[in-house]
Amino acid sequence: MKNIKKYNLVKRTLLCCVLLFYIYPAEVLANSSWYWVTVSPMRVLPLAIILTLAIETWGVSVYGKVKEKVKVFIIVTFANIVSFIAPYIYSTCILNRFYGSGWGYAWERAFNNGPNYIIRLAYLILTLCIEVPLVYFLLKNQSNDKKKLLLITIVVNVITTIAVAVLERLLCQGQW
């Protein structure tokens, strides 16, 4: 019975996540550019980092049954850094082939011209595809319950991504 309740929680969390991103779609209009009216989300990034690392470390330590909190913090931090820079690395590879002027120039172009830091459904998918496997595989031997570790890693990543998306939309206003 407990397993059914766990999976219902995961289903509800994922459904809420999909609905949240459906309610706040990002539309693209031709011949126009997005600009921030209040403040760029990059200014909110330190708050998002602190919130994300605190919630994910706490969730994985407590509910994932991992006793070494410092190790959890280091691995969660590493996984978050990897998922944050992954789009920039991908863009750098594409731009290096396009410009052909070296990795340094391609990295500078990728970092300054995009991908834009806006939390959307693609960011959640990226987070689930990069952070969850990294955290799970690096901590599964330290956990007493591997299935619970995987489940809680998914849940805390969904929760933190939704929380940062809501925070971003409340604090940062923009328009086309």
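The views below come from a predicted model, where local features need pLDDT of at least 70, side-chain atom pairs count only at pLDDT 80 or more, and totals for chains, interfaces and linings use all residues. Residues are numbered from 1 along each chain as its sequence is written, and side-chain values use heavy atoms, leaving out hydrogens and water.

**View 1. A nonpolar patch on the surface.** Helix H6 gives the most, three residues; helices are DSSP runs of H or I, at least four residues, numbered from the N terminus. Leu 47 sits in helix H2 (residues 41-62) and is partly exposed at 44% relative accessibility (buried is under 20%, exposed over 50%, partly exposed in between; 1.4 Å probe, protein chains only).

**View 2. Asn 80 in helix H3 (residues 69-99).** Look for a polar contact of 3.0 Å between the side chains of Asn 80 and Glu 56 (N or O atoms within 3.5 Å, one able to donate a hydrogen and the other to accept it; residues adjacent in sequence count only if both atoms are side-chain atoms). Asn 80 is buried, at 15% relative accessible area.

**View 3. Thr 153 in helix H6 (residues 146-171).** Thr 153 is buried, with 1% relative accessible area. Beyond its neighbours within four places in sequence, Thr 153 contacts Val 60, Val 132 and Val 135 (heavy atoms within 4.5 Å).

Conventions: Helices (H or I, at least four residues) and strands (E, at least two) are DSSP runs, numbered from the N terminus. Patches are made of residues with over 30% relative accessible area and no salt bridge: like charges are joined within 9 Å, nonpolar side chains (Val, Leu, Ile, Met, Phe, Trp, Tyr) within 5 Å. Accessible areas come from the Shrake-Rupley method with a 1.4 Å probe; for residues, only the protein chains shown count as cover. A salt bridge is a side-chain nitrogen of Lys or Arg within 4 Å of a carboxyl oxygen of Asp or Glu.
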